[in-house]
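Thanks for making the time today. I would like to walk you through one model, starting with the overall fold and ending with its aromatic pairs.

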Amino acid sequence: MISKDIVQAAHLLENNEVVAIPTETVYGLAGNIYSESAIKKIYEIKGRPSNNPLIVHVGSKDAVFNLATYVPNKAKVLIDKFWPGPLTLVLPKKEIISNLISSGKDTVAIRMPNHPETLKLLQLLPFPLAAPSANPFGSISPTSAVHVANYFENAIPMILDGGDCKNGIESTIIGFNGEIPILYRLGSISVEAIENEIGSINIHTIEEKSPNAPGMMLKHYSPKTPTVLVPNVIDAVDYHKDKKIGILVFDSKINNPLVVHQEVLSTTSNLEEAASNLYAAMHRLDKLNLDIIITEQFPENNLGRAINDRLKRASQK
């Protein structure tokens, strides 16, 4: 059921149900962090492996101190600059955080989302929400209530409709080795923006066996349609000319009769707009019964790096 009723969403969550919620990045599949049954439902509904931790969503900046035993000074700088917003911090956890949420690790991923409806919801509730993306594990993330309904309408009691997600790709995730910041997932805040606040950061974004944060699996965010990421789309179209082809490009339409459908993410070459449109475009392409989706490599700077990260993982076999 798609609904705008925040009070009903709160009621369901207080009764250990799982509700899909909007954020500025993607829709999340949310449950009470203190309800073991709700957390188990999230993993079951998504088909998410138990070694992949969840992100805890809070309604205030100060809430981080209720959940983490230690907040490094550089984390405090990032909180002051980017919360509420698409930044997740991985910090040493207090014992109140279930090992189900942290996948047995001694850290917890926390963020304060920047979406008015979800902030209202969080401030209605006496507990934070664990909320991974509202999609089957490994598939394209949802950026609208309809995307969630297409995945889970019969599996969850409610989808809180907050419109289309503004940022369109997941939060950037930063952890710490002592005081040294480590980037675990590229996301809606660029590496450049992070480093402008706290200096250079280490980058470690792939971990299959025991990821410290969501989004580190090599194959992720994937359409059902075979997908390739290439530096030259025109050459790739010619190479696959015997197939039913869809393409996803940055800013310029390609005139080629071999292309059945194409998605241009930003006609103004704006990387923020391209990121916002990315998953919706992938959903549309994946519905067309194509033989292949050919995606263009984006500029490897600012949000282009995060877009390339998603497309690389989507194209893994």
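**Overall fold and aromatic pairs**

The secondary structure of this protein comes to eleven helices and 15 strands, where helices (H or I, at least four residues) and strands (E, at least two) are DSSP runs numbered from the N terminus. Please keep in mind that this is a predicted model, in which local features need pLDDT of at least 70 and side-chain atom pairs count only at pLDDT 80 or more, while totals for chains, interfaces and linings use all residues. Residues are numbered from 1 along each chain as its sequence is written, and side-chain values use heavy atoms, with hydrogens and water left out.

Of the 317 residues, 58% count as buried, meaning under 20% relative accessible area with a 1.4 Å probe, protein chains only.

Turning to the rings, a search of the whole structure finds three aromatic pairs, which are rings of Phe, Tyr and Trp (its six-membered ring) with centres within 6.5 Å, called stacked if the planes are under 30 degrees apart, edge-to-face if over 60 and tilted for the rest. One of them joins Tyr221 and Tyr279, whose ring centres lie 6.1 Å apart with planes at 25°, so this pair is stacked. Tyr221 sits in the loop between strand E11 (202–203) and strand E12 (227–230), and Tyr279 in helix H10 (residues 271–286), 58 residues apart. Tyr221 is buried, with a relative accessible area of 2%, and Tyr279 is buried as well, at 0%.

Another pair is Phe250 and Phe298, with centres 5.1 Å apart and planes at 45°, so it counts as tilted. Both Phe250 and Phe298 are buried.

Conventions. Buried means under 20% relative accessible area, exposed over 50%, partly exposed in between (1.4 Å probe, protein chains only).
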